[in-house]
Amino acid sequence: MDTRLLRTFATVARTGNLTAAAEHLHLVQSTVTAQMQALEKELDLRLFDRLPRGVVLTGAGREVLAQAEAVLEAESRLRAVAASAGGTDGRVTGRVVLSAGETLLSARLPGVIAALRRSHPGVEVDLRTMGTATAVAALRAGELDLALLLEDDAAFRDIECTPLAREPLVLVCSPEHPAAARDATDLAELAREDYFLHEQGCSYSDRFMERLLAAAKGAPPRITRFGSLEAARSCVAAGLGLSLLARANVADALAAGRLTQVSGPQFPDVTVQLARHRRRWLSPAAAALTTELPHHFPH
């Protein structure tokens, strides 16, 4: 059986939508549809119910999905073993697929990849930008080896999450913004400001927004959510409002005086969790990355 069919099947099952699966796999939708029809014909089973808003696994489809994930995991192990065995000098080689949110991708992972290339030049890291829900689903589907999650509480039945570090947060504004001149600001006063926050699904931004809304007396705060940290930083640096960001993402701007920290309530650090599927084998390449990661986070 062509394992590409199983990989497409797992992606369709995860996304629940043929168009979304096609975009994720960089295929046209007709190819995804043809592959699913070919798999159903080969297995002589109906795997999906086609509904107006997408597709839903049948009972048989759910059983096949569990076995398909096992086959994909076995294929991943085979490729990793073959890659490691291909060298004669004992070097660790292979490909690792790692996901993280933009907060960590921009602030921490460039240093991780640079160090890994020096210590294990045969290891290739494929980086993906994903939030928690998407990353957990991708780990289950065998599309990721590891994921970094910014979550204080991360409990999933089949996903093992290990606290890796604590990422400090800081409330910032432009030096010219009125909030920069205040000696102290409480949440009720902060709730009257304009905010530029990371997109919905960013755990620390979501919690901060909930606190602002709870503290607001009267009109709710004006909050704009961006998929890009750089867009949020640029709006704040232009004096348009405030933002809560990881200190690592604004360290250079704070040092250069383009941003300043707002005096007021302290916000707890957010936990960085290293996530992997409990039943999946950790390849030598993934193990090397796991060993390197803690050296690039605050302790």
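**Note on salt bridges and pockets in a predicted model**

1. Arg128 is partly exposed, its relative accessible area being 25%, and in this predicted model its side chain meets that of Asp126 in a salt bridge with an N to O distance of 3.0 Å.

2. Arg166 belongs to strand 6 (residues 159-167) and Asp152 to the loop between strand 5 and strand 6, so the pair ties together parts that are 14 residues apart in sequence. Both are partly exposed, with relative accessible areas of 36% for Arg166 and 30% for Asp152.

3. Asp152 also forms a salt bridge with Arg207, where the closest N and O atoms are 3.3 Å apart. Because Arg207 lies in helix 9 (residues 203-215) and Asp152 in the loop between strand 5 and strand 6, this pair ties together parts that are 55 residues apart in sequence. Arg207 is likewise partly exposed, at 31% relative accessible area. Elsewhere, salt bridges that share partners join Arg95, Asp126 and Arg128 into one network, and the structure holds 17 salt bridges.

4. The largest pocket has a volume of about 750 Å³, and of its 32 lining residues Arg7, Arg95, Val97, Gly142 and Asp145 are the closest to its centre. Helix 4 gives the largest share of this lining, eight residues, and the lining divides into 12 nonpolar, 10 polar and 10 charged residues.

5. The second largest pocket, of about 270 Å³, is lined by 19 residues, with Gly101, Met130, Gly131, Gly201 and Cys202 nearest its centre; by class, its lining has six nonpolar, 10 polar and three charged residues.

Note on methods. Residues numbered from 1 in each chain as written. Predicted model: local features only at pLDDT ≥ 70, side-chain atom pairs only at ≥ 80, totals over all residues. Heavy atoms only, no water. 1 Å grid on protein atoms, 1.4 Å probe; cavity = no way out; pocket = protein on both sides within 12 Å on 5 of 7 lines; lining within 4 Å. Points joined across faces, edges and corners; volume = space filled by probe spheres on them. Helix = DSSP H or I, 4+ residues; strand = E, 2+ residues; numbered from the N terminus. Nonpolar A, V, L, I, M, F, W, Y, C, P; charged D, E, K, R; others polar. Salt bridge = Lys/Arg side-chain N within 4 Å of Asp/Glu carboxyl O. Buried < 20%, exposed > 50% of the residue type's maximum accessible area, 1.4 Å probe, protein only.
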